[in-house]
Amino acid sequence: MPVWFNPARELDALLRKVAPSVAGFDADFNPELRPSDPRHADFQANGVLAVAKKAKGNPRALATALVDAVKATGELDEKLFQVEVAGPGFINFKLTPVALGAWLREYRDESKWRAGASRIMGGRKVVIDYPSPNTAKQMHVGHLRPIVIGEAVARLIEFCGAKLTRDNHIGDWGTNFGILILAIRRAGFKLDSQSPTALDDLERLYKEGSVLTKADPAALDAARAELAKLQSGDAENLALWEEIVKVSNTACQRIYDQFGLKTDVILGESFYRDKVDQVYSELKKVGLAEESEGALVVWHDDEPRFSRHAETPMPFIVRKKDGSSNYASTDLATLLYRAEYFKADEIVYVTDGRQQDHFQQLFRTGAKWFTATKRTLPRLRHVWFGTILGEDGKAIKTKSGDPVRLQSLIDEATERAFAAVTAKSPELSEAERKAIAKAVGVAALRYVDLASNRTMDYSFSWDKLLAFEGNTAPYLMYAVVRVRSIFRKNGIEVGKGEEGATDPETPTEIALARKLLGFTAALDLALEDLRPHHLCTYLHELAAAYGAFYAADTVNVDDPAVRARRLMLCARTCSILETGLRLLAIEPVERM
RNA sequence: GAGGGGGUAGCUCAGUUGGAUUAGAGCAGCAGCCUUCUAAGCUGCGGGUCGCGGGUUCGAGUCCCGCCCUCCUCACCA
């Protein structure tokens, strides 16, 4: 009998198959199979309780009958699973050491896991939209999340078999440019993209313009007028715009390089400048859009919040009253382009949670528009995240003083990591320590952002973002380093030296093995809602189980069978940790 | 007002869709562990009426109702 890659899934299927033949169970029986508290079992089926409640039967008797029927099929190898009815009527499945050993021998490396996972998305074409910053600004801590979460989500989707296109939909066609052009004009500034201070100059000018337009409505109108001029093809503004885009893209690229971010295409809002007219005309033609206060808007009367009759009406403004396009216009044009050009089956938008209303309106408008024009709408998902807050508990914003620059954060992380590695491993060369510091520093930043549920806000804190102990990236990377060190000292490759490995035996070996089997469940969980923190939680638990094993069970012992099985446990831990870290876009190191 | 997020240990957070005498981690605190594979580690201890009040049932941090606190969004920003 083969060893199941994903035992929970197989047990679930088996129970569903057998149950209808047992008195008291219906054809649509749901076993409610889930991972169990390890103190009790590996998996448990809770579904019998619901059946008993409905039929007013005795849950333990029903559970026992079901278990007997399952055993009678002979499809459940009792050398691998220990089955029992427990508590009020749970069915517990406990993996035996034989099963653990067999699984570890069979599912050895990333290719096996990838093969298993790739069935989930099965070649679907997915476009993922991230990190999509607004240009013309220096990148600050607020830009961390879309980069980090976007990359992790992208890798998860890709790992599960999607054909993925990463599209950096930069905001390069909006009012921020109007503000900047206005500020440049007023200051009489000559922008030169080659100048080394170009970015700082833009930063300063943007701040000035921002303050001005906030304080003076006339200035805001002037900024909008500059934008309208730009969008209608004014040569001067277009030339200025090109210079600004050049400066800010160069700056963004420097940050992306440090995060190892490589998007496949960069199709910013400006790319759609000649594609918005089609949106306007089609929406008008099918009766979705109408004029309101001079603007072109879409109402959704089927949703009270977006209805024209709402107390505070919130129309989807598709074209501004001065005729220029906005976020909604370009997003609709983008949606159409992704459906037609990229043939997307699915589009994933990774943005700040404050844009939820916008995306709900966009998705509703898209659905009605596509239906009316007989197009197929891709599955649309908004993967949103909470805000990084400042010390005042408010969102970090450019206007409120100087937010911490992303570059300073990277530099500080790298410096602290360098100090740490120098203190702990002074024997390494300076070049090695620098490379390690870079990897560890950026990894620490990433991991903090990924480790909590993405929908949560969190406050910015140097110490939090740069912690190197506990549930952090350095902890996980360190676990990898310790595993690799064993192999290096023994002069063998990871994955070698397992001949004659016996099944896990000591409590710490068994606990580690059980945790290793949990990888597939963790992946399923993280993919379901595209929440990478589930993967973080799992990796931390795995590293902790390894830590306990490492302290309790010496690998290099005289008994060859014991040594072989411990080397096997080490090798699996190493590859699952490395695979998991890479899914989070954290590159493990050999030493630290 | 409407919609959304959050309220769990001193702090930062998990809690797999209602499950198992005892609600979990990490920091911080206390006590131990380096002449053997990297101590960025390991072991143990202390610390919680899961915002408040009702309800549903064999069983609630999780579901329902009503309150309270907090953050975010709501007409031409993205």
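Helix axes are taken here as lines fitted to C-alpha atoms over the stretch in contact, with angles running from 0 to 180 degrees between N-to-C directions. In the predicted model, helix 2, spanning residues 47-55, packs with helix 3, spanning residues 59-73, at an angle of about 125°, and the two axes lie 9 Å apart. Because angles of 65 to 115 degrees count as roughly perpendicular and those over 145 as roughly antiparallel, this value makes helix 2 oblique to helix 3. The crossing of the two helices is right-handed. On the side of helix 2, the contact involves Val48, Leu49, Val51 and Ala52, which meet Pro59, Leu62, Ala63 and Leu66 in helix 3. When these residues are sorted by class, the contact of helix 2 with helix 3 comprises eight nonpolar residues, with no polar and no charged residues.

The cysteines were examined for disulfides, a disulfide being a covalent bond between the sulfur atoms of two cysteines. With a pair of cysteine sulfur atoms required to lie within 2.5 Å, the count comes to zero disulfides. For Cys160, the closest cysteine sulfur is that of Cys536, and the separation of 15 Å is too far for a bond. Cys160 has a relative accessible area of 0% and is therefore buried, given that the term applies under 20%. Cys570 is likewise in no disulfide, the nearest cysteine sulfur, that of Cys574, being 8.8 Å away. The relative accessibility of Cys570 is 0%, so that this residue, too, counts as buried.

How values were computed:
Residues are numbered from 1 along each chain as its sequence is written. Chains are lettered from A and ligands numbered from 1 in the order in which they are written. This is a predicted model: local features need pLDDT of at least 70, side-chain atom pairs count only at pLDDT 80 or more; totals for chains, interfaces and linings use all residues. Side-chain values use heavy atoms; hydrogens and water are left out. Helices (H or I, at least four residues) and strands (E, at least two) are DSSP runs, numbered from the N terminus. Angles under 35 degrees count as roughly parallel, over 145 as roughly antiparallel, 65 to 115 as roughly perpendicular and the rest as oblique. A crossing is left-handed if the near helix is turned anticlockwise from the far one by less than a right angle, and right-handed if clockwise. Contact means heavy atoms within 4.5 Å. Ala, Val, Leu, Ile, Met, Phe, Trp, Tyr, Cys and Pro count as nonpolar, Asp, Glu, Lys and Arg as charged, and the others, Gly among them, as polar. Buried means under 20% relative accessible area, exposed over 50%, partly exposed in between (1.4 Å probe, protein chains only).
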